[in-house]
Amino acid sequence: MKRQSRFIVSVLAFGYAFLYIPLVLVVLYSFNDSRIATVWGGFSTRWYGELLRNEQILDAAFLSLRIALTSATIATIFGTMAGIALARFRRFKGRTLFSGMITSPMVMPEVITGLSLLLLFVSLQQLTGWPAQRGFGTITIAHTTFAMAYVAIIVQSRLMSMDESLEEAAMDLGGHPLRVMFDITLPLIAPAMVAGWLLAFTLSLDDLVIASFVSGPGSNTLPMYIFSKVKLGVSPDINALATLIILIVSGGVLLSWLVARRRT
Amino acid sequence: MKDFIRIRGVSKHFGDFAAVDSVDLTIEKGELFSILGGSGCGKTTLLRMLAGFETPTSGTIEIDGVDVTNQPPYERHVNMMFQSYAVFPHMSVENNIAYGLRKERTPGKEIARRVDEMLELVQLGDFRSRKPDQLSGGQRQRVALARALIKQPKVLLLDEPLAALDKKLRERTQFELMNIQDELGVTFVVVTHDQEEAMTLSSRMAVMDNGRFQQVGTPKEIYEFPANRFVAEFIGTINTFKGRVAAVAEDGIKVYSTEAGVTLTALGKQLVEEGQEIEVAVRPEKIFVSKEKPDDDDDVCIEGVVDDLGYLGNRSLYRIRLESGKIVQVSSQNRRRSVTRFLEWEDKVWISWRALSAVVLLD
Amino acid sequence: MWKKVLIAAPYLWLLLFFLAPFAIVLKISLAEPVFGQPPYSQAMSLDNFAFLFSDKLYAVTYLRSVFMAACATLLCLALGFPMAYGIARSSRATRSLLLMLIILPFWISFLLRVYAWMGLMNNYGTINSLLLWVGIVDQPIQLIYTDFAVFVGLVYSYLPFMILPLYASLERMDLDLVEAAQDLGASRSRAFWDVTWPLARPGVIAGCLLVFIPAIGEYVIPYLLGGPESLLIGRVLFDEFFVNRDWPLASAVAIVLLLLLVVPIVLLQRYQARDQESTA
C-alpha cells in the first residue's frame, strides 16, 4: 500500500476531528456539575439523576420508542414486499410510478412530507372521521411511509446481488413460488431486512419535523421535547440524554462492526 | 421409447427479438444430447423452456408423451443443474439434496435413504453437514448434481455444467458425468459454448445460431461433414477454397479453384450443379506438409512457401502461402523429438491431402 | 395471485400516504385562508402563487436557500473528496474502521448532533473560551446565530452523505489507471484531472445531490444555529403554517419548493437507477 500524501492525511485528521469533537465535548459536559456549560464545576452525575426523574422526558421517550418499534416493523414488512417486487418483477403496470414513489420519500424535504401528510389526515378526518385525533397513530403512519423506502432500497439491492437462479432452482425442485419465497428468498435477505429495520427504527427515533406536523396536542415525541428545550439554549440534562444515546449507539455500531470484521 | 422429448415448432420472442426461432427436435430416452452455440444464440432460452422458466411464444414441447408446454417448473419431472450451481447457501449439503423430496412430502425415512444414496453417488458422504461456503467449486457442482438427480427426473438439464471449473477438474468431471448418466440412464440435455465439451460428452448434438439449429447429428458427423460454413467454422478451424463446380462424379464433386490453383475433389450430401460457385473445406490436421512432392496420385498436391510457423509442444502449426496468395493452415503432430526445426520461414514446401478429406460448403 | 398482493400492498400504502397528500397540498394551495377549522376555503385561485411571486421576501428566501445549500454542498465536496480519497486508498483494515466512523454519526440523533454545536459556538462556549484563553481575542466573537454557524451545521450533518457515494466510486476505481497515466507522462495533478476526477464523477454528482436536496428544505439547523436574518424556506413554510396558520400559503410555498427540486430529484433517481444496473 502506497503511503498517503501529507495533504490527504491532514484532511482526514481534520475531518474526523470535525465529526467527533462536538460529540466528545457533549459527553464531557454531561458530567459537569456546573449549570453553565463551559465552566467546569467538578465531576458529577446529577444530570443523569435529573433526567431519570423528568417524567416529561420519560413519557416522550416511551412514546418515541413505541412509534419507532411499530413503524419500523410495518415499514420492514411493506418495504420488503416493495423491494422484492422491484427486484424480481421486471414489468408490471405502473412500475415507473411505483419505483418513483419508493425513492422519492428519501430525498423529499421533511417540511413537505410533514405538511402533505398533515393535510391528508385533516382531509381524511373531515371525510371519514378518521383519524379522530393525531398522535401515536398518525406519527406511526408518517414514519412508516418514509422508512419503508429505505427498507425497500436495501432489500432490492441485496436481491439484485443475489443469484436469481437460487429461486429458480428451488422452483425446479418442486417448490411452489410462495413456498420458495419462504424457503429461499426470505432467509437470504434476512440480514438486509434486519439492517432495514434498524435504519427505520433509528430514522423514526430521529425525526423531528414530520412528527411536529402530524402529532396532535399532548403527544410529544422525544425529539419534539428536546427541540422545545434546546431552542432556549444549552441545557445540562440534554447533555446527559445525548451522552446516553451516543454511548448506546456507538457501543452497538462498534460491536456489530467487530463481529462483521471477525467474520470476514 | 423413441422420441422421448419432442420439440415442435418452438419459438420464443422477447419483444421483436426471436431468441428461439421455430425449432424442431426429438431426443431419445437415455441420450446425452448437447446444444452447442455462442452466447446469445438461444440455447439457454431453449433450455429454460424445457425447464419451464419460459413459456414458448408458439409451438409445443412434449416429454414422455405429455404436453408440458404450459406446465410450471415445479410440476415438471425435469430437473436442472444451473450454471452457477445455485446451491442454497443457507442450507447444509444434506438439506440441499433433500430439498426436492421434502417439497414432494416424501416420508422422512425414505428421504434419508435416498440422500445417503446420492451422497455416495457423488462421493460427498464426508461433507454432508457442511455449508456450501465450505466447499470447493467442484464439490458444489456435485451437490447441485445430486440435488437434481434425487428426484429421479425424466430429463436432467445441465446449463454449462463445466464452465466454472478449472481445466484439470473439468476433464475429470466430464467423465464422471458420463458415468453417472450411463449408470442411471437418465436423459441428459446439456447446453454449452465449449465445442470440446460438447464433442466428448454427447451422443448427439445440435449446433445453434441465431435461434435456429444449424445442424443436428453425432459429434463425428458434425465435425467431418459440417452442413454449412457456420458449423464448419464454429467447430474447430477449417481452410476453405472458393471454386466452381466442374463436374459431379461418382467419387465426389470436382471443383476448380483458382485459390488452390488445382481441381479439388470434395464430398457433400448437398445437391450442386455444374458451374455453381461453392466452397471446398479441409481441416488443418488432414493436411500434410513435405519438402518433396508426394507421389500418390490420389492426393491433392499444391506448392507453397512457409509463411509462419508455431511450435505448440504436441503439435506444430504452419501457415502456408500458396501462389494465389491464399494462406492455408496446417496442423501436424510432432511424433519425433527433434531440437532443430524441420521447416523454416520461406521454405518451399508441398501440402497434400487425401482427395476425400474435403467437403463441400454451400453458405 | 400472491404476486399481486406483493405489489399491491406497498403500492396502495404509497398511493394513499405519499401521492394523495401531494394532490391535497396542490388543492389547498389554490384555496383561500379563512378563520375556522380547517382554515381554508373551497375556492380555487392562483392568488397564493401570485402573492408568492409579488412579495420579494419569498423570492429572496428561495434564492438564499438555494445559495446556502449550494455553498454547503461545495464545502462538503471540498472536505469530503480528499477524505473519501484517503479512505479508499488506505489499507483494508483501516478502511473498514474509517468507514465505520463515517457511518456512525448517522445512527446518532441528528438533532443532538446539531445541538452539540450550540455548546461549541456559544458566546461562552468551548471555542470562545479557548480563543480567550489562548489570547487570540479579548472578547467573545459571535459564532452562533450567524450564517457561518449554519454552514458549519450543514456541512457537519451532511458530510457523510457526500463521502459515502464518493468513496463508492473511488474505491471501484483501478489504481493502475492513475499509474498508467503517470507512466504515459502525466504529472500527478494532470493524472488527477485526467483520470481520477472523471471516473469519480458519478460519485460527485450523487453526493452533491444527496447534500443539496435535503439542505434546501432544512429547518432544524438554521433554527438552532442561524440568526434571525438567516431566513430559509423550510422555516418560512413552518412559520406560515404554525405561526400564521395560513395553510394555503404554506401549501403554495411547498409546491414551489417541490418544483424547484423536481430537476435535482429526477437527476438523482436517474443516476441511482443507472448505478444499480451497472452493479447488478
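Chains are lettered from A and ligands numbered from 1 in the order in which they are written, and side-chain values use heavy atoms, with hydrogens and water left out. In this predicted model, local features need pLDDT of at least 70 and side-chain atom pairs count only at pLDDT 80 or more, whereas totals for chains, interfaces and linings use all residues.

Chain C holds 12 helices and 0 strands. Both element types are DSSP runs numbered from the N terminus (helices, H or I, at least four residues; strands, E, at least two). The order of elements in chain C is α-α-α-α-α-α-α-α-α-α-α-α from the N terminus on. The C-alpha trace of chain C spans about 70 × 70 × 35 Å along its principal axes. Of the 280 residues in chain C, 54% are buried. Buried means under 20% relative accessible area, exposed over 50%, and partly exposed in between (1.4 Å probe, protein chains only). Contacts are counted between heavy atoms within 4.5 Å. Among contacts in chain C with a separation of 6 or more, 70% involve residues 24 or more positions apart. Accessible areas come from the Shrake-Rupley method with a 1.4 Å probe; for residues, only the protein chains shown count as cover. Chain C carries 17 positive and 18 negative side chains. Lys and Arg count as positive and Asp and Glu as negative, while His and the chain ends are not counted. Each charge is placed at NZ of Lys, CZ of Arg, CG of Asp or CD of Glu. The centres of the two sets in chain C lie 8 Å apart.

Chain A has 11 helices and 0 strands. Its elements run α-α-α-α-α-α-α-α-α-α-α from the N terminus on. The C-alpha atoms of chain A fill a box of roughly 70 × 65 × 30 Å along the principal axes. Buried residues make up 57% of the 264 residues of chain A. Residues 24 or more positions apart supply 66% of the chain A contacts with a separation of 6 or more. Chain A exposes about 11,800 Å², with 66% from carbon and sulfur atoms. There are 20 positive and 14 negative side chains in chain A, and the centres of these sets lie 7 Å apart.

Chains B and C have no contact, and their closest C-alpha atoms lie 15 Å apart.

In chain B, strand S16 (residues 299-311) pairs with two strands. Pairing requires at least two DSSP bridges between the strands. S16(B) runs antiparallel to S19 (residues 348-354) of chain B, with 7 bridges. Here Ile302(B) stands opposite Ile351(B). S16(B) also pairs in the antiparallel sense with S17 (residues 315-322) of chain B, over 7 bridges. Gly304(B) has Leu322(B) in S17(B) as its bridge partner. The hairpin of S16(B) and S17(B) has 3 residues between the strands, and Gly313(B) takes a positive phi near 95° in this hairpin.

Elsewhere in chain B, Pro107(B) lies in the loop between helix H2 (93-103) and helix H3 (108-121). Pro107(B) counts as exposed because its relative accessibility is 53%. The C-alpha atoms of Pro107(B) and Phe241(B) are separated by 65 Å, and the two residues are 134 residues apart along the chain.

How values were computed. Residues are numbered from 1 along each chain as its sequence is written.
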